[in-house]
Amino acid sequence: MPPGSDVPDRVRDVLALARRDRRAATRALGALSLDEQVAVVCQAPAARRAELLELVPHPEQVIPALPEAELVFAVKAIGRADSAWLLAHATDDQVRACVDLDAWRGFAPSPDAIGEWIATFAEADDDTLLRATEALDPELLMLWMHDRVEVHTRTEDPGWQPPVGGQTIDGVNYLVSLRANEDFEVMTRLLALLFEGDQARYFRLVQAVQWEHPSDNEEHALRWRTGRLADLGFPTWEESMAIYAHPRREEIEKLPESAPRVDEWHLPVFVPELPTAADAELSLFRAATALDDDGRRRFFYAFLALANQVAVADKLPLGDAESIPRAIDKAARIASAGLDHLADRHARPAVDVLRRVPVVRLFRVGAHLDRPEGAS
């Protein structure tokens, strides 16, 4: 939901109707198109989304249509035990996004967070556990296992004894838990399913714990995640930090003829509209009101690209529902300050500046208004 927005009336009406007559609420939702049902779910508070998804006539159609990050927000807000059933209907891309957005700490995957998501998949059913873990990068599973267990392989030595506390699935490899938690039970359940149905994958994981170095797997996992986040509009941290670079003098003293065209991309969050209106609080959105339809659409994507850069540069947790609204708010405030400054400096209407200056440059100008021009 956009920052500061209230719960839309139609969401409130459906929730109120459900308290009186659940069948009527289901009929009301069923009368909406798939896109409209997705909008109702995404505009509801994250903790109420499961309630709405239980009401839609075909959750198996609505859940895969949710933007990836919105599903992450819902699962976390509802609680993993109560929301595992949602993941039974999730697409592979949504499953990967759950881990990409929520199971990393900085530039490294968190075995604890990976384990929490795998346990959530397991809460759904065996099919979901198998399908979801197959969708994840194998390097992440290897890192999770390496952090949780040791693997001891039976030798031909007649005096060889299984390790104390070791459990075996294949009679050759014994797993010894390194931590007193429930991961071991989930892990052995997953490995047993793999041994029964996909022995090549089973032995690949078991042998990786013994022979592969975690740092190599981290490097590969980071590379795959970086590419997927770029597809969702989140650039690398190094690229994102460019928004805080001091603008060159010429970027302040000269206005380009037009801003570069911004390509559209698949949005991982639901943003129905930005507050572009003549009475909007910030000048950036007031100026956008005066753009034509194509201009407003280009502005929409350019601004959201800026907000994503803010989120990455500020190292906001991408799996938290509050992070993108915070980034949108910061991007809007600082870019508006930059827009006001350039409009005053060049004695131009704000909309003319917005047509010509990339939004990211407006942000850089606004972020450095308290510093001397040309300073590094």
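Biologist: Which strands form the open sheet, and in what order?

Modeller: Three strands, in the order β3-β5-β4, with antiparallel pairing. Strands here are DSSP runs of E with at least two residues, helices are runs of H or I with at least four, and both are numbered from the N terminus. Two strands pair if DSSP finds at least two bridges between them.

Biologist: Which strands stand at the edges?

Modeller: β3 and β4; each has a single partner strand, so one side of each is left without a neighbour in the sheet.

Biologist: Before we go on, what am I looking at?

Modeller: A predicted model, where local features need pLDDT of at least 70, side-chain atom pairs count only at pLDDT 80 or more, and totals for chains, interfaces and linings use all residues. Residues are numbered from 1 along each chain as its sequence is written, and side-chain values use heavy atoms, with hydrogens and water left out.

Biologist: Back to the sheet. How many bridges join β3 to β5?

Modeller: Five, and the two strands run antiparallel. β3 covers residues 149–153. H152 has Y174 of β5 as its bridge partner, and V151 is bridged to L175 in β5.

Biologist: And how many for β4 with β5?

Modeller: Two bridges, again in the antiparallel sense, with β4 at residues 167–168. Q167 stands opposite L175 in β5.

Biologist: What do β4 and β5 form?

Modeller: A hairpin, with four residues between the strands. In the turn, G171 has a positive phi of about 80 degrees.

Biologist: How many residues of β5 are buried?

Modeller: Four of its five, residues 173–177 being the strand, so β5 is largely enclosed by the rest of the structure. Buried means under 20% relative accessible area, exposed is over 50%, and partly exposed is in between, using a 1.4 Å probe and protein chains only.

Biologist: Is α18 mostly covered or mostly exposed?

Modeller: Mostly covered: 15 of the 21 residues in α18 are buried.

Biologist: Where does A347 lie, then?

Modeller: In the loop between α19 and α20, with α20 at 350–356. Phi of A347 is near 55 degrees, positive in a residue other than glycine, and at 69% relative accessibility A347 counts as exposed.

Biologist: How far is D231 from K315?

Modeller: Their C-alpha atoms are separated by 18 Å, and they are 84 residues apart along the chain. D231 is in helix α14, residues 214–231, and counts as exposed at 55% relative accessibility.

Biologist: What is D231 in contact with?

Modeller: W265 and H266, leaving aside neighbours within four places in sequence. Contact means heavy atoms within 4.5 Å.

Biologist: Switching to α3: which of its residues are buried?

Modeller: Q37, V38, A39, V40, V41, C42 and Q43. That's seven of the ten in α3 (residues 34–43), so the helix is largely enclosed by the rest of the structure.

Biologist: Which helices do those buried residues pack against?

Modeller: α1 (9–20), α2 (22–30), α4 (49–55), α5 (59–65) and α6 (68–78).

Biologist: What about A208, buried or exposed?

Modeller: Buried, at 4% relative accessibility. A208 lies in helix α13, residues 199–211. A208 and G366 are 158 residues apart in sequence and 50 Å apart in space, C-alpha to C-alpha.

Biologist: Now the whole protein. How many helices and strands are there?

Modeller: There are 21 helices and five strands. The C-alpha trace spans about 90 × 60 × 30 Å along its principal axes, and buried residues make up 48% of the 376.

Biologist: What share of the contacts join residues at least 24 apart?

Modeller: 72%, among contacts between residues at least 6 apart in sequence.
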